[in-house]
Amino acid sequence: MDLTTAQPKDHAAGFTPRPTESLAHQLLAALAQHRLASTHQLRLLLRPNRSRQSVSQRLNDLLGEHLVDFVVLPQSHRTRIWYLTPKVARLTRDWPALRSRPPYPITSATAASLKTPHTLTVLRTHLAFVADARQRGDEHGHLDWTPEVFHAIGDQDRLVADAVMHYTLIEGEQRCKLRAFVEIDRATMSSERLAAKLIEYARLWTYEPQPAGRRRQTGQPGWLRWYPVFPRVLFVLTGASRQTMDNRISDLKTMATHHPLVAGLAREIPLGAAVLDDLDNRGPTCDVWTPLAGDQPRPWTQL
């Protein structure tokens, strides 16, 4: 179930929230949220209608003030990948919009280089949803996507979601608030390990934390601490041939059908998988998502 409310009648089609902070403030907030980003990604995220030079110049100003630093992406015509300096990373934790952000900043060029491939792919996925939301008039901005979110799932185990997405779908006079756990698969792990991620989400769905020192009792699932409804689970695949990615999606569907705990999750929670190139080229609200408990491709909002 998703949360739906009435949409104010003066809401205009194609609505995009106006920036209320300066570009410099938004650049620092975006880097605090996403940890790493290229100049091009930051422009698409924050100022899609402005020139690359305008964003690049402001980043260079922040570099001169020792607020940000960068590494150069190999074999990329000297593409800069930006991150916050350690002092600024600590300061941004107290910003109201970032207080729930997990405190795992990039603190060195070496750490940035090691994190770059996965982190930039996660942000690329976010940008596909941002661009689609702007075109549709939905609400989804640079702080509506939180990478690397941890949840306890029992037995001292933790689920680490690549990202949690918040998205407000606007249809006529209705505003529907959607949430999703997003898993980015770059084909760097086995297909079996990828499919096993569904077991972790099923464990989160059923996990009931027990107060220390008390007898075991039936309570509410732990996820209610963070979400009014359990988020849908989206897998985004890239980094392999189309056939390989189709096979990996097939393995996800098999897990959703045959594992009893995951099958229970699939009956109640929308689960889907899509190829990142399709999100870039066609958009997330096109029929590019394979339902893990169904058959025909559809938009992620209709899984």
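Because the model is predicted, local features are reported at pLDDT of at least 70 and side-chain atom pairs count only at pLDDT 80 or more, whereas totals for chains, interfaces and linings use all residues. Residues are numbered from 1 along each chain as its sequence is written, and side-chain values use heavy atoms, with hydrogens and water left out.

Helices (H or I, at least four residues) and strands (E, at least two) are DSSP runs numbered from the N terminus. Helix 1 (residues 23-34) packs against helix 2 (residues 39-46) at an angle of about 110°, the axes lying 11 Å apart, where axes are lines fitted to C-alpha atoms, for helices over the stretch in contact, and angles run from 0 to 180 degrees between N-to-C directions. Helix 1 is therefore roughly perpendicular to helix 2, in a scheme that counts angles under 35 degrees as roughly parallel, over 145 as roughly antiparallel, 65 to 115 as roughly perpendicular and the rest as oblique. The crossing of helix 1 past helix 2 is right-handed, the near helix being turned clockwise from the far one by less than a right angle (anticlockwise for left-handed). In contact terms (heavy atoms within 4.5 Å), Leu23, Gln26, Leu27, Ala30, Leu31 and His34 of helix 1 meet Leu42, Leu45 and Leu46 of helix 2. This contact of helix 1 with helix 2 comprises 7 nonpolar, 2 polar and no charged residues, with Ala, Val, Leu, Ile, Met, Phe, Trp, Tyr, Cys and Pro taken as nonpolar, Asp, Glu, Lys and Arg as charged, and the others, Gly among them, as polar.

Helix 1 also packs against helix 3, at an angle of about 75° and with the axes 10 Å apart, so that helix 1 is roughly perpendicular to helix 3. Leu23, Ala24, Leu27 and Leu28 of helix 1 contribute to this contact, together with Ser54, Val55, Arg58, Leu59 and Leu62 of helix 3; by class, the residues of the contact of helix 1 with helix 3 are 7 nonpolar, 1 polar and 1 charged. Within helix 3 (residues 52-64), arginine 58 and aspartate 61 are 3 residues apart, about one turn of the helix, and their side chains meet in a salt bridge at 3.2 Å, N to O. The count comes to 13 salt bridges, each defined as a side-chain nitrogen of Lys or Arg within 4 Å of a carboxyl oxygen of Asp or Glu.

The axes of helix 6 (residues 191-206) and helix 7 (residues 242-258) come within 9 Å and cross at roughly 40°, and the crossing of helix 6 and helix 7 is right-handed.

Turning to the strands, pairing requires that DSSP find at least two bridges between two strands. An open sheet of 3 strands has the order 2-4-3 with antiparallel pairing, and its edge strands are strand 2 (37-38) and strand 3 (68-72), each pairing on one side only. Strand 2 is joined by 2 bridges to strand 4 (residues 80-84), in which isoleucine 81 is the bridge partner of serine 38.

Strand 5 (residues 145-154) pairs with strand 6 (residues 157-171) in the antiparallel sense over 8 bridges, and proline 147 has alanine 163 in strand 6 as its bridge partner. The hairpin of strand 5 and strand 6 has 2 residues between the strands, and aspartate 155 there takes a positive phi near 55°. Strand 6 pairs in turn with strand 7 (residues 174-185), again in the antiparallel sense, over 9 bridges, with leucine 169 opposite cysteine 176 in strand 7.
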